[in-house]
Amino acid sequence: MTTIFGIPLMVLFGQLLLGLINGAFYALLSLGLAVIFGLLKVINFAHGAQYMLGAFAALLGLEYLGLDYWLALLVVPLVVGALGILIERLLLRRIQHIDHLYGLLLTFGLALIFEGTLVNLFGVSGSSYPVPEVLAGGFNLGFMFLPTYRAWVLVAALVVCLFTWFMIERTRLGAYLRAGTENPKLMQAFGVNVPLLVTLTYGFGVALAAFAGVLAAPIYPVSPTMGSSLLIVVFAVVVIGGMGSILGAILTGLAMGLIEGLTKVFYPEAANTVIFLVMIVVLLLRPAGLFGKEA
Amino acid sequence: MNVIKYSTLTAAALLLAPGLAQAEISGDAVKIGYLADMSGTYRDLAGPGGLEALNMAIEDFGGEVNGAPIEVLSADDRNSADVGANTVRGWIDQDDVDLVAGMVASSVTIAVTNILEQQDKLGIVSGSAASSITNEHCTPNHIHWVYDTYPMANGTAKAIVDEGGDTWFLLTADYAFGHALESDVETVVKENGGEIVGKVRHPFPTSDFSSYILQAQGSGAKIVGLANAGSDTVNALTTASQFGLVQSGQTLAGLLIFLNDVQALGLDVTQGLQLTTGWYWDMDDESREWANRYYERTQRMPTMVQAGIYSSTLHYLNAVAETGSDDAATVREQMAATPVNDMFADDGRIREDGRMVHDMYLVEVKSPSESEGEWDLYEILRTIPAEEAFRPLSESQCSLVKG
């Protein structure tokens, strides 16, 4: 069998595929962050908590309302996104004229409140969410056993990422959004309702996080702390890709998943740190990030 | 002149004489500091539930010792050795705390027990797993109550090797506890004729285990041993079930699994899993009676750690009442002189290395059809006698163990 650095090639394929799947998660989450930062200049520290709320809403919906997975995938992002709209309207809007750091503090505080409340109600052990029947089981790829659900996650995440990218970069609505951030006063003079656009954008970013949460529910135990551990990594991804760059967030997310996957084979002890090492190197060489515009 | 000189000397001698100064309760109160992970990975095995168990013990004792009130402080160590050590230093310096209870992550415990030794205060460790806590890290100032990695390895790993599971792949949490468990398991597996064919040390905590599970599948080992705990174990088990590890002919061995983990994972995922525990709520009438009282207060059944916190606190308070002192050495001696007979242990005893030895239990997780309720989770397969369960003193590296 062909080997690379003593690891059989087939094993490496398996690990790369897993890395890509994790990368799709990173991409989905960092995309939401990038959209919010790009248009609102808010560093959304509640993103992890909103991802967790998505997973929890799916779980509670299933337990108490009989909401099945496919409906949850549609309804939960809408519900959590609506919560995001409330947050923007009632809180973020009031501080948009002062330093961005206040937005960070506010969203961080919100994240602590969401997590703390759920920890008190449900504990941290978490519960499991059943894999929907259609996606149960898996394929034998020869070099590995791939659970169908993971394959679905990869496809779903990539489709949503590309859709978002297309919306923002290639449609008229996206052009309004981008112009609104560039020069809100001028856009308003043209009769575009910029505050509404901003509200909807935040709601959309939050909905993306919730969507990722529902996708994650059958893979990871649904627990109140599931978001906070992921959030730091996702932030690193956004920083590496370049704050606010949509395509950068997607590509970096996938790439970081792959790098992390390889680290888990060659030096597992460093699996949690490797992304931060990359971040440091990128910040030293290209402070605006790989895909960011030099400020 | 001489008279004054002598009486001053006598007074000084009296003040310095340890026996006399200690035969009372310092600060006119017995203060217990409860230190645990209250919000992270290990919250549900001790956490707020452990604090509730501690309060139950104090209430059952009557709320005071020989007229002195019992006060409780509590803090979240967030699984950080620094946070834990600083908290305990503050408790001793400013609040005159006599006993530190709880203590979960082994790295925190090792840091805290060092301080307890320097400041000569007492600690009872209920949550931690590393057997090194009463081996190379033993001090005269702490007692390890519930379990450690030695009986976990000795109970579960030995039973599995005996049944023919002789090739192992280990998934180890990369810190003090994981390393201790890994080395204890390796010893047991090798001594019983088995072989470790591979291992991987993963960061603590880890949420995605798919890569490690894939490596375990590629190793060809019959047994995949999980030398981790809390949410790491839960995540690893969930991922293993998604990747069809058991269907492809490998067996999982959870080396440290708590009741709350099994309850969270559900019996579909965990059925048939063998594990070792220091206590189970449905063991006998006494344990059931206490567990039901606990359930009424918390709506959850207690883990072995929470039961151990109750048991050890009562044992401590009895020793304080008996000696009329809250001095660490005095109480420690009295606690060791009295066997532990309560809802937790039968004839448990505290050895000179600080290890409380008692019977341990090899259990099997019930299948969904066997289980009669949300918390009816274990069937006890075998009682492992105290002397067999824990590391014998003859192998001890603890400086307190003579010859």
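At 0% relative accessibility, B:M335 counts as buried. The model that shows this is predicted. B:M335 sits in helix α14 (residues 328-337) of chain B.

**Around B:M335**

- B:M335 is buried because its relative accessibility of 0% falls under the 20% cut-off.
- B:M335 and B:D346 are 11 residues apart in sequence. Their C-alpha atoms are 15 Å apart in space.

**Domains of chain B**

- Chain B is divided into domain 1 and domain 2.
- Domain 1 covers 3-147 + 284-353. Domain 2 covers 151-277 + 360-384.
- The C-alpha centres of these two domains of chain B lie 31 Å apart.
- Domain 1 of chain B gives 19 residues to the contact between them, and domain 2 of chain B gives 18 residues.

**The largest nonpolar core**

- The largest nonpolar core holds 224 residues.
- Within this core, A:L215 and B:W168 touch the most other members.
- Helix α1 (residues 9-40) of chain A supplies the largest share of the core, 15 residues.
- Domain 1 and domain 2 of chain B both give residues to this core, so it lies between them.
- In soluble globular proteins, nonpolar side chains tend to be buried together.

**Helix α3 of chain B and its partners**

- Helix α3 (residues 47-61) of chain B packs against helix α12 (residues 285-298) of chain B at an angle of about 120°. Their axes are 11 Å apart.
- That angle makes α3(B) oblique to α12(B).
- The crossing of α3(B) past α12(B) is right-handed.
- From α3(B), this contact uses B:G49, B:G50, B:E52, B:A53, B:M56, B:E59 and B:D60.
- From α12(B), it uses B:W290, B:R293, B:Y294, B:R297 and B:T298.
- α3(B) also crosses helix α13 (residues 304-323) of chain B, at roughly 35°. The axes of this pair come within 8 Å.
- α3(B) and α13(B) make a right-handed crossing.
- On the α3(B) side, the residues in contact with α13(B) include B:G49, B:G50, B:A53, B:L54 and B:M56. B:A57, B:I58, B:D60 and B:F61 of α3(B) take part as well.
- On the α13(B) side, the contact is made by B:Q306, B:I309, B:Y310, B:T313, B:L314, B:L317, B:N318 and B:A321.

**Backbone details in chain B**

- A cis peptide bond joins B:F204 and B:P205, with omega about -10°.
- B:P205 is placed in the loop between β8 (195-202) and α8 (210-219) of chain B.
- B:D28 is not a glycine, yet its phi is positive, near 55°.
- B:D28 lies in the loop between α2 (18-22) and β1 (30-36) of chain B.
- B:D28 is exposed, with a relative accessible area of 62%. Exposed here means over 50%.
- B:D120 is not a glycine either, and has a positive phi of about 55°.
- B:D120 is in the loop between α5 (106-119) and β5 (122-125) of chain B.
- B:D120 counts as partly exposed, at 37% relative accessibility.

**Two further buried residues**

- B:Q217 is found in helix α8 of chain B.
- B:Q217 counts as buried, at 19% relative accessibility. The cut-off for buried is under 20%.
- Not counting residues up to four places away in sequence, B:Q217 touches B:F243, B:G244, B:L245, B:S248 and B:Q250.
- A:G213 lies in helix α8 (residues 194-216) of chain A.
- A:G213 counts as buried, at 0% relative accessibility.
- Not counting residues up to four places away in sequence, A:G213 touches A:Y51, A:G54 and A:A55.
- A:G213 and A:G227 are 14 residues apart in sequence. Their C-alpha atoms are 8.7 Å apart in space.

Notes:
Residues are numbered from 1 along each chain as its sequence is written. Chains are lettered from A and ligands numbered from 1 in the order in which they are written. This is a predicted model: local features need pLDDT of at least 70, side-chain atom pairs count only at pLDDT 80 or more; totals for chains, interfaces and linings use all residues. Side-chain values use heavy atoms; hydrogens and water are left out. A nonpolar core is a set of buried Ala, Val, Leu, Ile, Met, Phe, Trp, Tyr and Cys residues joined through side-chain atoms within 4.5 Å. Buried means under 20% relative accessible area, exposed over 50%, partly exposed in between (1.4 Å probe, protein chains only). Helices (H or I, at least four residues) and strands (E, at least two) are DSSP runs, numbered from the N terminus. Domain bounds come from an automatic or database domain assignment. Axes are lines fitted to C-alpha atoms, for helices over the stretch in contact, and angles run from 0 to 180 degrees between N-to-C directions. Angles under 35 degrees count as roughly parallel, over 145 as roughly antiparallel, 65 to 115 as roughly perpendicular and the rest as oblique. A crossing is left-handed if the near helix is turned anticlockwise from the far one by less than a right angle, and right-handed if clockwise. Contact means heavy atoms within 4.5 Å.
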